[in-house]
There are 2 protein chains.
Amino acid sequence: MDEPIGVFDSGLGGLTVVHAIRERIPGERLIYLGDTARVPYGTRSAETVVKYALACARQLVARDVKMLVVACNTVSAVALEALREELGIPVLGVIEPGARAGARASRSGRVGVLATSGTVSSGAYERALRAVDPSLQVVTQAAPLFVPLAEEGWVEGEVPERVAERYLAPLVPHEIDSLVLGCTHYPLLAPVIRDVARRLFPSEVTVVDSAAATALELDRLLDERGLRSSRGERGLEVLVTDQPGAFSIVASRFLGESLGDFPVESIDL
Amino acid sequence: MDEPIGVFDSGLGGLTVVHAIRERIPGERLIYLGDTARVPYGTRSAETVVKYALACARQLVARDVKMLVVACNTVSAVALEALREELGIPVLGVIEPGARAGARASRSGRVGVLATSGTVSSGAYERALRAVDPSLQVVTQAAPLFVPLAEEGWVEGEVPERVAERYLAPLVPHEIDSLVLGCTHYPLLAPVIRDVARRLFPSEVTVVDSAAATALELDRLLDERGLRSSRGERGLEVLVTDQPGAFSIVASRFLGESLGDFPVESIDL
(Lines give C-alpha, C1' and ligand atoms only; values in the text may rest on other atoms or scores of the structure.)
Protein backbone atom coordinates (compact mmCIF):
# COMPACT_ATOMS: atom_id res chain seq x y z
CA MET A 1 0.00 0.00 0.00
CA ASP A 2 3.02 2.27 -0.09
CA GLU A 3 3.06 2.13 -3.88
CA PRO A 4 2.22 5.36 -5.69
CA ILE A 5 -1.17 6.30 -7.14
CA GLY A 6 -1.21 6.60 -10.93
CA VAL A 7 -3.00 9.58 -12.44
CA PHE A 8 -3.51 9.60 -16.17
CA ASP A 9 -4.76 12.20 -18.67
CA SER A 10 -4.58 12.75 -22.40
CA GLY A 11 -2.56 15.90 -21.76
CA LEU A 12 -1.87 18.40 -19.00
CA GLY A 13 -5.42 19.28 -17.91
CA GLY A 14 -5.41 16.34 -15.48
CA LEU A 15 -2.86 18.24 -13.42
CA THR A 16 -5.84 20.14 -11.94
CA VAL A 17 -6.88 16.77 -10.48
CA VAL A 18 -3.32 16.22 -9.20
CA HIS A 19 -3.55 19.66 -7.60
CA ALA A 20 -6.85 18.75 -5.91
CA ILE A 21 -5.46 15.40 -4.71
CA ARG A 22 -2.32 17.03 -3.29
CA GLU A 23 -4.49 19.57 -1.45
CA ARG A 24 -6.81 16.94 0.02
CA ILE A 25 -4.48 13.93 0.44
CA PRO A 26 -0.94 15.12 1.09
CA GLY A 27 0.51 11.79 2.24
CA GLU A 28 0.59 9.88 -1.03
CA ARG A 29 3.10 9.61 -3.85
CA LEU A 30 1.62 10.30 -7.30
CA ILE A 31 2.83 9.38 -10.77
CA TYR A 32 1.16 11.48 -13.44
CA LEU A 33 1.16 10.39 -17.07
CA GLY A 34 0.11 12.98 -19.67
CA ASP A 35 -0.15 11.66 -23.22
CA THR A 36 0.92 15.04 -24.60
CA ALA A 37 2.01 13.53 -27.93
CA ARG A 38 -1.58 12.56 -28.71
CA VAL A 39 -3.62 15.19 -26.88
CA PRO A 40 -6.51 15.99 -27.26
CA TYR A 41 -8.48 12.77 -27.08
CA GLY A 42 -11.79 14.69 -27.13
CA THR A 43 -11.86 14.85 -30.92
CA ARG A 44 -11.05 11.16 -31.43
CA SER A 45 -13.28 8.13 -31.87
CA ALA A 46 -14.17 5.98 -28.85
CA GLU A 47 -12.17 3.10 -30.32
CA THR A 48 -9.01 5.22 -30.58
CA VAL A 49 -9.47 6.59 -27.05
CA VAL A 50 -9.74 3.07 -25.60
CA LYS A 51 -6.59 2.01 -27.46
CA TYR A 52 -4.60 5.01 -26.24
CA ALA A 53 -5.93 4.73 -22.67
CA LEU A 54 -4.90 1.08 -22.38
CA ALA A 55 -1.39 1.89 -23.63
CA CYS A 56 -1.01 4.68 -21.04
CA ALA A 57 -2.48 2.62 -18.19
CA ARG A 58 -0.06 -0.25 -18.92
CA GLN A 59 2.86 2.15 -18.50
CA LEU A 60 1.62 3.14 -15.06
CA VAL A 61 0.88 -0.43 -14.01
CA ALA A 62 4.43 -1.34 -15.05
CA ARG A 63 5.56 1.28 -12.55
CA ASP A 64 3.66 -0.53 -9.85
CA VAL A 65 0.84 1.91 -9.07
CA LYS A 66 -1.66 0.67 -6.51
CA MET A 67 -4.60 2.35 -8.20
CA LEU A 68 -5.40 4.47 -11.21
CA VAL A 69 -7.17 7.84 -11.33
CA VAL A 70 -8.37 8.62 -14.83
CA ALA A 71 -8.11 12.44 -14.72
CA CYS A 72 -9.67 12.85 -18.15
CA ASN A 73 -13.34 13.17 -18.93
CA THR A 74 -13.02 11.73 -22.44
CA VAL A 75 -11.32 8.58 -21.18
CA SER A 76 -13.67 8.34 -18.18
CA ALA A 77 -16.61 8.56 -20.61
CA VAL A 78 -15.62 5.73 -22.92
CA ALA A 79 -12.76 3.61 -21.56
CA LEU A 80 -13.35 3.02 -17.85
CA GLU A 81 -14.83 -0.43 -18.32
CA ALA A 82 -12.02 -1.56 -20.64
CA LEU A 83 -9.46 -0.29 -18.13
CA ARG A 84 -11.16 -2.03 -15.19
CA GLU A 85 -11.36 -5.27 -17.17
CA GLU A 86 -7.70 -5.29 -18.10
CA LEU A 87 -6.03 -3.84 -15.00
CA GLY A 88 -6.05 -5.67 -11.72
CA ILE A 89 -6.23 -2.47 -9.63
CA PRO A 90 -9.03 -0.05 -8.64
CA VAL A 91 -9.78 2.57 -11.32
CA LEU A 92 -11.46 5.88 -10.46
CA GLY A 93 -12.73 8.21 -13.20
CA VAL A 94 -13.67 11.90 -12.89
CA ILE A 95 -17.21 11.69 -14.21
CA GLU A 96 -18.88 9.67 -11.45
CA PRO A 97 -17.45 11.79 -8.60
CA GLY A 98 -18.40 14.99 -10.48
CA ALA A 99 -21.89 13.68 -11.17
CA ARG A 100 -22.45 12.63 -7.56
CA ALA A 101 -21.28 16.02 -6.26
CA GLY A 102 -23.45 17.75 -8.87
CA ALA A 103 -26.51 15.76 -7.81
CA ARG A 104 -25.84 16.45 -4.11
CA ALA A 105 -25.55 20.20 -4.79
CA SER A 106 -28.97 20.40 -6.46
CA ARG A 107 -32.20 20.94 -4.56
CA SER A 108 -34.38 21.52 -7.61
CA GLY A 109 -33.27 18.31 -9.34
CA ARG A 110 -32.13 20.31 -12.39
CA VAL A 111 -28.41 19.95 -13.06
CA GLY A 112 -26.32 21.56 -15.78
CA VAL A 113 -23.05 20.19 -17.17
CA LEU A 114 -20.35 22.05 -19.11
CA ALA A 115 -17.92 19.81 -21.00
CA THR A 116 -16.08 19.37 -24.29
CA SER A 117 -18.03 18.37 -27.40
CA GLY A 118 -16.69 14.82 -27.13
CA THR A 119 -17.83 14.39 -23.53
CA VAL A 120 -21.22 15.95 -24.27
CA SER A 121 -21.91 13.66 -27.22
CA SER A 122 -20.86 10.62 -25.18
CA GLY A 123 -23.85 11.23 -22.88
CA ALA A 124 -21.66 10.09 -19.98
CA TYR A 125 -22.76 12.78 -17.51
CA GLU A 126 -26.45 12.13 -18.17
CA ARG A 127 -25.89 8.44 -17.50
CA ALA A 128 -23.82 9.07 -14.36
CA LEU A 129 -26.29 11.64 -12.98
CA ARG A 130 -29.30 9.40 -13.68
CA ALA A 131 -27.50 6.51 -11.99
CA VAL A 132 -27.51 8.66 -8.83
CA ASP A 133 -31.13 9.74 -9.22
CA PRO A 134 -33.22 8.75 -12.25
CA SER A 135 -35.55 11.72 -11.72
CA LEU A 136 -32.82 14.34 -12.30
CA GLN A 137 -33.20 16.70 -15.24
CA VAL A 138 -29.84 17.09 -16.93
CA VAL A 139 -28.86 19.81 -19.42
CA THR A 140 -25.44 19.58 -21.06
CA GLN A 141 -23.63 22.32 -22.94
CA ALA A 142 -20.42 21.94 -24.96
CA ALA A 143 -17.90 24.64 -24.02
CA PRO A 144 -14.84 23.87 -26.17
CA LEU A 145 -13.39 27.41 -26.09
CA PHE A 146 -12.72 27.08 -22.37
CA VAL A 147 -9.87 24.66 -23.16
CA PRO A 148 -7.60 27.07 -25.07
CA LEU A 149 -8.60 29.92 -22.72
CA ALA A 150 -7.32 27.87 -19.76
CA GLU A 151 -4.17 26.85 -21.63
CA GLU A 152 -3.49 30.45 -22.63
CA GLY A 153 -4.09 31.65 -19.11
CA TRP A 154 -6.93 33.92 -20.30
CA VAL A 155 -8.95 33.22 -17.19
CA GLU A 156 -10.22 36.68 -16.38
CA GLY A 157 -11.42 39.75 -18.23
CA GLU A 158 -13.69 40.38 -21.17
CA VAL A 159 -12.92 37.47 -23.48
CA PRO A 160 -13.54 34.61 -21.00
CA GLU A 161 -16.56 36.52 -19.64
CA ARG A 162 -18.14 36.85 -23.10
CA VAL A 163 -17.39 33.20 -23.87
CA ALA A 164 -18.85 32.08 -20.52
CA GLU A 165 -21.98 34.17 -21.14
CA ARG A 166 -22.44 32.53 -24.49
CA TYR A 167 -22.14 29.04 -23.01
CA LEU A 168 -24.26 29.72 -19.90
CA ALA A 169 -27.10 31.66 -21.56
CA PRO A 170 -28.77 28.53 -23.06
CA LEU A 171 -28.83 26.98 -19.57
CA VAL A 172 -30.76 29.85 -17.94
CA PRO A 173 -34.27 28.84 -19.09
CA HIS A 174 -33.68 25.36 -17.63
CA GLU A 175 -33.49 26.83 -14.11
CA ILE A 176 -30.61 24.65 -12.98
CA ASP A 177 -29.23 25.17 -9.49
CA SER A 178 -26.11 23.01 -9.83
CA LEU A 179 -23.52 23.21 -12.61
CA VAL A 180 -20.85 20.54 -13.03
CA LEU A 181 -17.56 21.53 -14.68
CA GLY A 182 -17.08 18.37 -16.73
CA CYS A 183 -13.60 19.02 -18.13
CA THR A 184 -10.31 19.04 -16.25
CA HIS A 185 -9.36 22.37 -17.82
CA TYR A 186 -12.39 24.21 -16.49
CA PRO A 187 -11.42 24.63 -12.81
CA LEU A 188 -9.08 27.43 -13.95
CA LEU A 189 -12.14 29.26 -15.26
CA ALA A 190 -14.33 28.50 -12.22
CA PRO A 191 -14.13 32.09 -10.84
CA VAL A 192 -15.31 33.57 -14.18
CA ILE A 193 -18.01 30.91 -14.54
CA ARG A 194 -19.26 31.60 -10.99
CA ASP A 195 -19.35 35.37 -11.65
CA VAL A 196 -21.21 35.02 -14.93
CA ALA A 197 -23.64 32.49 -13.41
CA ARG A 198 -24.37 34.93 -10.57
CA ARG A 199 -25.18 37.59 -13.15
CA LEU A 200 -27.24 35.47 -15.57
CA PHE A 201 -29.26 33.16 -13.33
CA PRO A 202 -32.12 34.55 -11.22
CA SER A 203 -31.29 32.25 -8.29
CA GLU A 204 -28.12 30.71 -6.91
CA VAL A 205 -26.23 28.08 -8.92
CA THR A 206 -23.57 25.93 -7.21
CA VAL A 207 -20.60 25.42 -9.53
CA VAL A 208 -19.16 21.95 -8.91
CA ASP A 209 -15.48 21.33 -9.60
CA SER A 210 -15.12 17.67 -10.58
CA ALA A 211 -11.38 17.67 -9.81
CA ALA A 212 -12.12 18.45 -6.13
CA ALA A 213 -14.98 15.92 -6.15
CA THR A 214 -12.61 13.24 -7.48
CA ALA A 215 -10.00 13.96 -4.80
CA LEU A 216 -12.73 13.60 -2.16
CA GLU A 217 -13.82 10.19 -3.46
CA LEU A 218 -10.20 9.06 -3.82
CA ASP A 219 -9.64 9.94 -0.17
CA ARG A 220 -12.56 7.73 0.85
CA LEU A 221 -11.57 4.93 -1.53
CA LEU A 222 -8.07 4.72 -0.04
CA ASP A 223 -9.61 3.82 3.32
CA GLU A 224 -12.33 1.56 1.91
CA ARG A 225 -9.79 -0.52 0.01
CA GLY A 226 -7.13 -0.35 2.72
CA LEU A 227 -4.76 1.31 0.29
CA ARG A 228 -3.70 4.36 2.26
CA SER A 229 0.05 4.74 2.50
CA SER A 230 1.44 4.17 5.98
CA ARG A 231 4.52 6.26 5.32
CA GLY A 232 2.74 9.53 4.62
CA GLU A 233 5.33 10.34 1.99
CA ARG A 234 4.40 13.14 -0.37
CA GLY A 235 5.68 13.12 -3.93
CA LEU A 236 4.95 13.71 -7.59
CA GLU A 237 6.64 12.34 -10.66
CA VAL A 238 5.50 13.46 -14.11
CA LEU A 239 5.69 11.37 -17.29
CA VAL A 240 4.84 12.87 -20.67
CA THR A 241 4.93 11.51 -24.21
CA ASP A 242 6.06 14.84 -25.68
CA GLN A 243 7.31 18.19 -24.35
CA PRO A 244 6.24 20.94 -26.74
CA GLY A 245 7.22 24.61 -26.46
CA ALA A 246 5.22 26.25 -23.68
CA PHE A 247 4.82 22.87 -21.96
CA SER A 248 6.19 23.81 -18.59
CA ILE A 249 4.27 27.12 -18.29
CA VAL A 250 0.97 25.45 -19.20
CA ALA A 251 1.63 22.50 -16.88
CA SER A 252 2.45 24.79 -13.94
CA ARG A 253 -0.78 26.70 -14.58
CA PHE A 254 -2.83 23.50 -14.18
CA LEU A 255 -0.79 22.12 -11.31
CA GLY A 256 -0.92 25.38 -9.37
CA GLU A 257 2.77 24.84 -8.53
CA SER A 258 5.94 25.18 -10.57
CA LEU A 259 6.54 22.04 -12.60
CA GLY A 260 10.25 22.71 -12.18
CA ASP A 261 10.02 21.37 -8.59
CA PHE A 262 9.26 17.83 -9.80
CA PRO A 263 11.03 15.21 -11.92
CA VAL A 264 9.66 15.16 -15.49
CA GLU A 265 10.44 12.23 -17.79
CA SER A 266 9.62 11.84 -21.48
CA ILE A 267 8.49 8.35 -22.42
CA ASP A 268 7.67 6.72 -25.73
CA LEU A 269 4.45 4.74 -26.07
CA MET B 1 0.99 13.95 -65.24
CA ASP B 2 -2.61 12.82 -64.90
CA GLU B 3 -1.90 11.53 -61.43
CA PRO B 4 -3.58 13.35 -58.56
CA ILE B 5 -2.00 16.04 -56.37
CA GLY B 6 -1.60 15.02 -52.74
CA VAL B 7 -2.59 17.55 -50.08
CA PHE B 8 -1.69 16.75 -46.49
CA ASP B 9 -2.53 18.35 -43.15
CA SER B 10 -2.46 17.33 -39.52
CA GLY B 11 -6.23 17.69 -39.42
CA LEU B 12 -9.05 19.37 -41.28
CA GLY B 13 -7.74 22.97 -41.49
CA GLY B 14 -5.86 22.13 -44.69
CA LEU B 15 -9.24 21.83 -46.42
CA THR B 16 -9.13 25.65 -46.71
CA VAL B 17 -6.11 25.08 -48.98
CA VAL B 18 -8.06 22.45 -50.93
CA HIS B 19 -10.84 25.00 -51.28
CA ALA B 20 -8.39 27.61 -52.61
CA ILE B 21 -6.85 25.09 -55.04
CA ARG B 22 -10.25 23.99 -56.34
CA GLU B 23 -11.20 27.63 -56.89
CA ARG B 24 -8.01 28.48 -58.75
CA ILE B 25 -7.13 25.17 -60.48
CA PRO B 26 -10.31 23.29 -61.28
CA GLY B 27 -8.80 20.72 -63.65
CA GLU B 28 -6.85 18.56 -61.19
CA ARG B 29 -7.71 15.57 -59.05
CA LEU B 30 -6.80 15.99 -55.39
CA ILE B 31 -6.26 13.45 -52.63
CA TYR B 32 -6.43 15.03 -49.19
CA LEU B 33 -5.01 13.29 -46.15
CA GLY B 34 -5.96 14.69 -42.73
CA ASP B 35 -4.22 13.03 -39.79
CA THR B 36 -7.27 13.59 -37.60
CA ALA B 37 -6.21 10.87 -35.15
CA ARG B 38 -3.14 12.88 -34.14
CA VAL B 39 -4.25 16.49 -34.68
CA PRO B 40 -3.04 19.03 -33.62
CA TYR B 41 0.65 18.86 -34.48
CA GLY B 42 1.19 22.45 -33.30
CA THR B 43 1.74 21.40 -29.69
CA ARG B 44 4.19 18.59 -30.54
CA SER B 45 7.98 18.53 -30.74
CA ALA B 46 9.70 19.01 -34.11
CA GLU B 47 10.92 15.42 -33.98
CA THR B 48 7.38 14.06 -33.56
CA VAL B 49 6.04 16.28 -36.34
CA VAL B 50 8.70 15.03 -38.80
CA LYS B 51 7.91 11.41 -37.90
CA TYR B 52 4.16 11.90 -38.39
CA ALA B 53 4.62 13.91 -41.60
CA LEU B 54 6.76 11.22 -43.21
CA ALA B 55 4.20 8.55 -42.34
CA CYS B 56 1.40 10.60 -43.93
CA ALA B 57 3.42 11.51 -47.02
CA ARG B 58 4.27 7.85 -47.66
CA GLN B 59 0.56 7.04 -47.73
CA LEU B 60 -0.01 9.63 -50.44
CA VAL B 61 3.05 8.58 -52.45
CA ALA B 62 1.76 5.00 -52.33
CA ARG B 63 -1.38 6.35 -54.00
CA ASP B 64 0.75 7.70 -56.80
CA VAL B 65 0.46 11.46 -56.28
CA LYS B 66 2.58 13.56 -58.68
CA MET B 67 3.33 16.21 -56.10
CA LEU B 68 2.64 17.03 -52.48
CA VAL B 69 1.13 20.19 -51.01
CA VAL B 70 1.82 20.43 -47.28
CA ALA B 71 -1.31 22.32 -46.21
CA CYS B 72 -0.14 22.67 -42.63
CA ASN B 73 1.98 25.44 -41.20
CA THR B 74 3.47 23.30 -38.45
CA VAL B 75 4.68 20.66 -40.90
CA SER B 76 5.82 23.30 -43.40
CA ALA B 77 7.84 24.94 -40.60
CA VAL B 78 9.79 21.88 -39.50
CA ALA B 79 9.47 18.95 -41.91
CA LEU B 80 9.69 20.28 -45.47
CA GLU B 81 13.35 19.41 -45.89
CA ALA B 82 12.88 15.88 -44.55
CA LEU B 83 9.94 15.38 -46.91
CA ARG B 84 11.84 16.68 -49.93
CA GLU B 85 14.80 14.44 -49.09
CA GLU B 86 12.71 11.30 -48.81
CA LEU B 87 10.06 11.77 -51.51
CA GLY B 88 10.98 11.83 -55.17
CA ILE B 89 8.28 14.40 -56.04
CA PRO B 90 7.95 18.20 -55.73
CA VAL B 91 6.82 19.34 -52.28
CA LEU B 92 5.13 22.74 -51.76
CA GLY B 93 4.55 24.11 -48.26
CA VAL B 94 2.21 26.93 -47.20
CA ILE B 95 4.75 29.17 -45.46
CA GLU B 96 6.88 30.25 -48.40
CA PRO B 97 3.91 31.19 -50.63
CA GLY B 98 2.30 33.06 -47.72
CA ALA B 99 5.56 34.85 -46.91
CA ARG B 100 6.13 35.86 -50.53
CA ALA B 101 2.58 37.20 -50.84
CA GLY B 102 2.98 39.00 -47.51
CA ALA B 103 6.21 40.64 -48.63
CA ARG B 104 4.66 41.68 -51.97
CA ALA B 105 1.70 43.26 -50.18
CA SER B 106 3.90 45.49 -48.01
CA ARG B 107 5.17 48.88 -49.09
CA SER B 108 6.53 49.91 -45.69
CA GLY B 109 8.62 46.76 -45.27
CA ARG B 110 6.86 46.01 -41.97
CA VAL B 111 4.98 42.71 -42.07
CA GLY B 112 2.89 41.07 -39.35
CA VAL B 113 2.18 37.36 -39.02
CA LEU B 114 -0.61 35.68 -37.05
CA ALA B 115 -0.05 31.97 -36.40
CA THR B 116 -0.32 29.24 -33.77
CA SER B 117 2.16 29.22 -30.87
CA GLY B 118 4.07 26.34 -32.48
CA THR B 119 4.51 28.14 -35.79
CA VAL B 120 5.48 31.39 -34.06
CA SER B 121 8.16 29.71 -31.92
CA SER B 122 9.55 27.90 -34.96
CA GLY B 123 10.56 31.28 -36.44
CA ALA B 124 9.63 29.90 -39.86
CA TYR B 125 7.81 33.00 -41.12
CA GLU B 126 10.67 35.32 -40.12
CA ARG B 127 13.08 33.07 -42.03
CA ALA B 128 10.82 32.82 -45.09
CA LEU B 129 10.13 36.59 -45.16
CA ARG B 130 13.80 37.47 -44.73
CA ALA B 131 14.68 35.04 -47.53
CA VAL B 132 12.50 37.21 -49.77
CA ASP B 133 13.93 40.49 -48.49
CA PRO B 134 16.46 40.61 -45.63
CA SER B 135 15.51 44.19 -44.80
CA LEU B 136 11.89 43.31 -43.87
CA GLN B 137 10.78 43.96 -40.30
CA VAL B 138 8.69 41.01 -39.14
CA VAL B 139 6.38 40.93 -36.11
CA THR B 140 4.73 37.65 -35.20
CA GLN B 141 1.80 37.13 -32.87
CA ALA B 142 0.46 33.80 -31.62
CA ALA B 143 -3.32 33.59 -32.05
CA PRO B 144 -4.26 30.13 -30.78
CA LEU B 145 -7.89 30.97 -29.94
CA PHE B 146 -8.65 31.44 -33.64
CA VAL B 147 -8.40 27.67 -34.13
CA PRO B 148 -11.33 26.62 -31.94
CA LEU B 149 -13.30 29.69 -33.06
CA ALA B 150 -12.96 28.52 -36.70
CA GLU B 151 -13.80 24.94 -35.78
CA GLU B 152 -16.85 26.04 -33.79
CA GLY B 153 -17.98 28.28 -36.62
CA TRP B 154 -17.84 31.33 -34.29
CA VAL B 155 -16.55 33.52 -37.10
CA GLU B 156 -18.60 36.64 -36.53
CA GLY B 157 -19.92 38.66 -33.61
CA GLU B 158 -18.56 39.82 -30.32
CA VAL B 159 -16.40 36.91 -29.23
CA PRO B 160 -14.20 36.63 -32.37
CA GLU B 161 -14.05 40.45 -32.52
CA ARG B 162 -12.79 40.74 -28.92
CA VAL B 163 -10.30 37.91 -29.51
CA ALA B 164 -9.07 39.51 -32.76
CA GLU B 165 -8.68 42.88 -31.01
CA ARG B 166 -6.59 41.25 -28.33
CA TYR B 167 -4.30 39.61 -30.90
CA LEU B 168 -4.03 42.61 -33.23
CA ALA B 169 -3.53 45.34 -30.60
CA PRO B 170 0.15 44.44 -29.92
CA LEU B 171 0.84 44.78 -33.68
CA VAL B 172 -0.49 48.34 -33.97
CA PRO B 173 2.64 50.15 -32.64
CA HIS B 174 4.73 48.27 -35.22
CA GLU B 175 2.91 50.06 -38.06
CA ILE B 176 2.66 46.98 -40.28
CA ASP B 177 0.86 47.33 -43.60
CA SER B 178 0.69 43.63 -44.47
CA LEU B 179 -0.61 40.84 -42.25
CA VAL B 180 -0.11 37.18 -43.14
CA LEU B 181 -2.61 34.63 -41.81
CA GLY B 182 -0.12 31.89 -41.00
CA CYS B 183 -2.53 29.11 -40.04
CA THR B 184 -4.86 27.18 -42.32
CA HIS B 185 -7.77 27.73 -39.93
CA TYR B 186 -7.57 31.50 -40.08
CA PRO B 187 -9.07 32.16 -43.55
CA LEU B 188 -12.48 31.53 -41.97
CA LEU B 189 -11.84 34.47 -39.66
CA ALA B 190 -10.39 36.72 -42.39
CA PRO B 191 -13.52 38.94 -42.54
CA VAL B 192 -13.42 39.61 -38.77
CA ILE B 193 -9.65 40.14 -38.85
CA ARG B 194 -10.00 42.63 -41.75
CA ASP B 195 -12.76 44.52 -39.90
CA VAL B 196 -10.81 44.73 -36.66
CA ALA B 197 -7.61 45.73 -38.51
CA ARG B 198 -9.52 48.52 -40.24
CA ARG B 199 -10.67 49.75 -36.84
CA LEU B 200 -7.38 49.42 -34.94
CA PHE B 201 -4.70 50.46 -37.44
CA PRO B 202 -4.38 54.10 -38.48
CA SER B 203 -3.56 53.16 -42.12
CA GLU B 204 -4.55 50.30 -44.40
CA VAL B 205 -3.32 46.76 -43.68
CA THR B 206 -3.55 44.09 -46.39
CA VAL B 207 -4.60 40.76 -44.89
CA VAL B 208 -2.89 37.95 -46.81
CA ASP B 209 -4.55 34.55 -46.96
CA SER B 210 -1.76 31.96 -47.28
CA ALA B 211 -4.16 29.31 -48.60
CA ALA B 212 -4.91 31.47 -51.66
CA ALA B 213 -1.20 32.30 -52.01
CA THR B 214 -0.35 28.59 -51.99
CA ALA B 215 -2.93 27.82 -54.69
CA LEU B 216 -1.42 30.56 -56.82
CA GLU B 217 2.09 29.14 -56.54
CA LEU B 218 0.83 25.62 -57.14
CA ASP B 219 -0.80 26.82 -60.35
CA ARG B 220 2.55 28.20 -61.57
CA LEU B 221 4.50 25.15 -60.38
CA LEU B 222 2.28 22.80 -62.41
CA ASP B 223 3.39 24.59 -65.58
CA GLU B 224 7.03 25.00 -64.55
CA ARG B 225 7.40 21.29 -63.85
CA GLY B 226 5.20 20.19 -66.75
CA LEU B 227 2.87 18.48 -64.32
CA ARG B 228 -0.48 19.95 -65.35
CA SER B 229 -3.09 17.31 -66.03
CA SER B 230 -4.08 17.05 -69.69
CA ARG B 231 -7.47 15.58 -68.91
CA GLY B 232 -8.79 18.52 -66.94
CA GLU B 233 -10.58 16.11 -64.63
CA ARG B 234 -11.81 17.60 -61.38
CA GLY B 235 -11.98 15.46 -58.27
CA LEU B 236 -11.42 15.17 -54.56
CA GLU B 237 -10.90 12.15 -52.38
CA VAL B 238 -10.53 12.54 -48.60
CA LEU B 239 -8.50 10.23 -46.35
CA VAL B 240 -8.60 10.62 -42.58
CA THR B 241 -7.02 8.70 -39.74
CA ASP B 242 -10.04 9.19 -37.46
CA GLN B 243 -13.62 10.45 -37.81
CA PRO B 244 -14.70 12.03 -34.56
CA GLY B 245 -18.19 13.37 -33.76
CA ALA B 246 -18.71 16.67 -35.55
CA PHE B 247 -16.10 15.67 -38.17
CA SER B 248 -18.23 16.18 -41.24
CA ILE B 249 -19.67 19.56 -40.15
CA VAL B 250 -16.23 20.95 -39.31
CA ALA B 251 -14.70 19.56 -42.53
CA SER B 252 -17.46 21.11 -44.67
CA ARG B 253 -16.88 24.45 -42.94
CA PHE B 254 -13.21 24.46 -44.01
CA LEU B 255 -13.85 23.00 -47.46
CA GLY B 256 -16.61 25.52 -48.20
CA GLU B 257 -18.57 22.63 -49.76
CA SER B 258 -20.44 19.70 -48.28
CA LEU B 259 -18.04 16.87 -47.46
CA GLY B 260 -20.90 14.50 -48.23
CA ASP B 261 -20.31 15.09 -51.95
CA PHE B 262 -16.89 13.38 -51.84
CA PRO B 263 -15.59 9.90 -50.99
CA VAL B 264 -14.15 9.79 -47.46
CA GLU B 265 -12.00 6.87 -46.37
CA SER B 266 -10.59 6.11 -42.92
CA ILE B 267 -7.05 4.79 -42.99
CA ASP B 268 -4.72 3.46 -40.29
CA LEU B 269 -1.18 4.78 -40.07
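In helix α5 of chain B, the buried residues are B:Ile95, B:Glu96, B:Pro97, B:Gly98, B:Ala99, B:Arg100, B:Ala101, B:Gly102 and B:Ala103. A residue is buried if 20 or more other C-beta atoms lie within 10 Å of its own, exposed if 12 or fewer, and partly exposed in between, with C-beta atoms placed from the backbone. Helices (H or I, at least four residues) and strands (E, at least two) are DSSP runs, numbered from the N terminus. This is a predicted model, in which local features need pLDDT of at least 70, side-chain atom pairs count only at pLDDT 80 or more, and totals for chains, interfaces and linings use all residues. Residues are numbered from 1 along each chain as its sequence is written, while chains are lettered from A and ligands numbered from 1 in the order in which they are written.

**Helix α5 of chain B**

- The helix runs over residues 95-105, and nine of its eleven residues are buried, so it is largely enclosed by the rest of the structure.
- Its buried residues are covered by elements of chain B that include α3 (73-78), β5 (110-115), α7 (124-132), β7 (178-181), β8 (206-209) and α11 (210-224).
- Contact here means that the C-beta atoms of two residues, placed from the backbone, lie within 7 Å.

- B:Ser108 sits in the loop that links α5 and β5 of chain B.
- B:Ser108 is partly exposed: 13 other C-beta atoms lie within 10 Å.
- Leaving out residues up to four places away in sequence, B:Ser108 touches B:Glu175 and B:Asp177.

**Four-stranded sheet of chain B**

- Four strands of chain B form an open sheet in the order β6-β5-β7-β8, with parallel pairing.
- Two strands pair if DSSP finds at least two bridges between them.
- The edges are held by β6 (137-142) and β8 of chain B; each has a single partner strand, so one side of each is left without a neighbour in the sheet.
- From one strand to the next, the twist averages 25°.
- Axes are lines fitted to C-alpha atoms, for helices over the stretch in contact, and angles run from 0 to 180 degrees between N-to-C directions.
- Four bridges join β5(B) and β7(B) in the parallel sense.
- B:Val113 has B:Val180, in β7(B), as its bridge partner.
- Helix α10 (residues 190-200) of chain B packs on the sheet and touches β7 and β8 of chain B. The direction of α10 makes about 160° with that of β8(B).

**Strands of chain A**

- Strand β2 (residues 29-34) of chain A has five of its six residues buried, so it is largely enclosed by the rest of the structure.
- Strand β1 (residues 5-9) of chain A pairs with β2(A) in the parallel sense over five bridges.
- A:Phe8 has A:Leu33, in β2(A), as its bridge partner.
- On strand β7 (residues 178-181) of chain A, A:Ser178 and A:Val180 point one way, A:Leu179 and A:Leu181 the other way, and all are buried.
- Strand β5 (residues 110-115) of chain A pairs with β7(A) in the parallel sense over four bridges. A:Val113 stands opposite A:Val180.
- β7(A) also pairs with strand β8 (residues 206-209) of chain A, in the parallel sense over four bridges. There A:Leu179 has A:Val207 as its bridge partner.

**Chain A overall**

- Chain A holds twelve helices and ten strands.
- Its C-alpha trace spans about 50 × 40 × 35 Å along the principal axes.
- Of its 269 residues, 54% count as buried.
- Among contacts between residues at least 6 apart in sequence, 80% join residues at least 24 apart.

**Domains of chain A**

- Chain A divides into domain 1 (5-93 + 212-266) and domain 2 (96-210). These bounds come from an automatic or database domain assignment.
- The C-alpha centres of the two domains of chain A lie 22 Å apart.
- Domain 1 gives 22 residues to the contact and domain 2 gives 23.
- On the domain 1 side, α1 (15-24), α3 (73-78), α11 (210-224) and α12 (247-255) of chain A each supply at least two residues.

**Contact between the chains**

- 24 residues of chain B are in contact with 24 residues of chain A.
- On the chain B side, the elements giving two or more residues are α6 (117-122), α8 (146-152) and α9 (158-168) of chain B.
- The largest share of that side, five residues, comes from α9(B).
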